[in-house]
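Please take the sequence and the model together, and follow the paragraphs below with both in view.

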Amino acid sequence: MTYTQMLLNRASKQIGLACIATLLSMNMASSAVAQDSAVPHDTWSSGAPMWRPIVAPSVAVLGNRIYVVGGFIDWNSGTGTADTQIYNPASNTWSRGVSLPTPLHDAAAAVVNNVLYVFGGMEGLSTFLSTVWAYDPQTKTWSSKSAMPTARAQAAAVVKNNIIYVIGGYIGSAHVNNVESYNPATDTWTEEVPLLAEKSTPIAGLIGGWIVAADGYTDRGDTGDTEAYNPSASAWKSVAPDPTPRDGECGGSIGGQLYVASGNNNGPVVTLTDSFNALSNTWTRLADIPQATLEPGYAVYKGKLYCFGGAGTWLGPPLNNVQIYQP
């Protein structure tokens, strides 16, 4: 099955919640976002547009900048780019960074100790990658690191205690539940306990010491599957599913909640935004994203969610807009 065919096919149990709530209650106070009455909450705003419209880039915060790396410039041909676009949230401006060694799209990204890592992804429509690229802003160079044990695209990456967890994804003709952790200090990989459900494009974030992975496309379509993982206990547990099942969404964790916006809901691209509260194991409907988008890049910076580009319709032209959510 080609990547295009896979995309065309897109169209709670409460296990262990008591222990999740106990751990979260111990950590939530330090991670909560202060609610400044002068800030307009539950609102969307726009940032300066990117100089290159893009779908499925890798995005991560490096220092006080947001790096938007690679991505599709043409869905139908599978044409990717090696471009690095750098956004400065303080000045709302863009600059060009050092290009990747090779064009790719649908990779995962994370930052540890001021180094940006890009995991896997694809070249074209059928070549799945296990490569790991590391960008050092001091030397302004990319270097190759130890390859992932499992080549895949459309995974999520979460950092906990300077270890990067690469979660889920897609390989060839199947969605996967693989979870592998990378230690940048030793440049080594470890196989972790797999997800309960195979899925690509999940939204994942760290909440009170737990890794929460929500949504994504499974072999059964968009199910809203949401799971929580305690690395110290090596176990995934089902929690309340997203009431708006979706894949190819924008999202991230802010102040003890996981936010999920837009994406494909078993067919249409939706504008709905929801958040998951792990303490109460509930989802809350929030303000709609202004422009529905599929497979945008995304990152959280200083308590705000940034959604970069994507496409407004299935296989539609790439967008260059920046949509910013203030919880």
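Two residues are said to be in contact when they have heavy atoms within 4.5 Å of each other. Leaving aside neighbours within four places in sequence, Ala60 is in contact with Arg65, Ile66, Tyr67, Ala109, Ala110, Val111 and Leu116. Ala60 belongs to strand E2, where helices (H or I, at least four residues) and strands (E, at least two) are DSSP runs numbered from the N terminus. Its relative accessible area is 8%, so Ala60 is buried; buried means under 20% relative accessible area, exposed over 50%, and partly exposed in between, with a 1.4 Å probe and protein chains only. Between the C-alpha atoms of Ala60 and Tyr117, which are 57 residues apart along the chain, the separation is 8.7 Å.

This is a predicted model, in which local features need pLDDT of at least 70 and side-chain atom pairs count only at pLDDT 80 or more, while totals for chains, interfaces and linings use all residues. Residues are numbered from 1 along each chain as its sequence is written, and side-chain values use heavy atoms, with hydrogens and water left out. The predictor's confidence in each residue, pLDDT, runs from 0 to 100; for this protein the mean is 90, and 89% of the residues reach 70 or more. Over residues 1-34, however, the pLDDT is below 50, although this stretch has 78 contacts in the model beyond near neighbours in sequence. Where pLDDT is low, the predicted coordinates should not be read in detail.

The nonpolar interior can be taken up next. A nonpolar core is a set of buried Ala, Val, Leu, Ile, Met, Phe, Trp, Tyr and Cys residues joined through side-chain atoms within 4.5 Å. The largest such core has 16 residues, and those with the most contacts inside it are Tyr67, Leu100, Leu104, Leu116 and Trp142. Two or more residues are given to this core by each of strand E2 (58-62), strand E3 (65-69), strand E9 (115-119) and strand E12 (132-136). Apart from its neighbours within four places in sequence, Leu116 has contacts that include Ala60, Leu62, Tyr67, Val69, Trp133 and Trp142. In soluble globular proteins, nonpolar side chains tend to be buried together.

Which kinds of ring pairs does the model hold? Rings of Phe, Tyr and Trp (its six-membered ring) pair if their centres lie within 6.5 Å, and planes under 30 degrees apart count as stacked, over 60 as edge-to-face and the rest as tilted. By this rule there are 20 aromatic pairs. In one of them, Tyr87 and Phe308 are edge-to-face, at 6.1 Å centre to centre and with 70° between the planes. This pair links distant parts of the chain, since Tyr87 is in strand E6 (residues 84-88) and Phe308 in strand E29 (residues 304-308), 221 residues apart. Tyr87 and Phe308 are both buried. The rings of Tyr165 and Tyr229 have centres 6.4 Å apart and planes at 65°, so this pair is edge-to-face. Because Tyr165 lies in strand E15 (residues 163-171) and Tyr229 in strand E22 (residues 226-230), the pair ties together parts that are 64 residues apart in sequence. One aromatic cluster is formed by Tyr87, Trp94, Tyr306 and Phe308.

His105, in the loop between strand E7 (93-96) and strand E8 (108-112), is buried with a relative accessible area of 1%, and a polar atom of its side chain lies 2.7 Å from the backbone oxygen of Gly124. Thr273, in strand E26 (residues 273-277), is buried with a relative accessible area of 1%, and its side chain reaches the backbone oxygen of Ala287 at 3.0 Å.

The backbone of two further residues deserves a look. Most residues other than glycine have a negative phi, and most peptide bonds are trans. Asp42 has a positive phi of about 55° although it is not a glycine, and this partly exposed residue has a relative accessible area of 32%. Asn161, also not a glycine, has a positive phi near 55°; Asn161 is exposed, with a relative accessible area of 66%, and lies in the loop between strand E14 (156-160) and E15.

Notes
A polar contact is a pair of N or O atoms within 3.5 Å; within protein, one must be able to donate a hydrogen and the other to accept it, and residues adjacent in sequence count only if both atoms are side-chain atoms.
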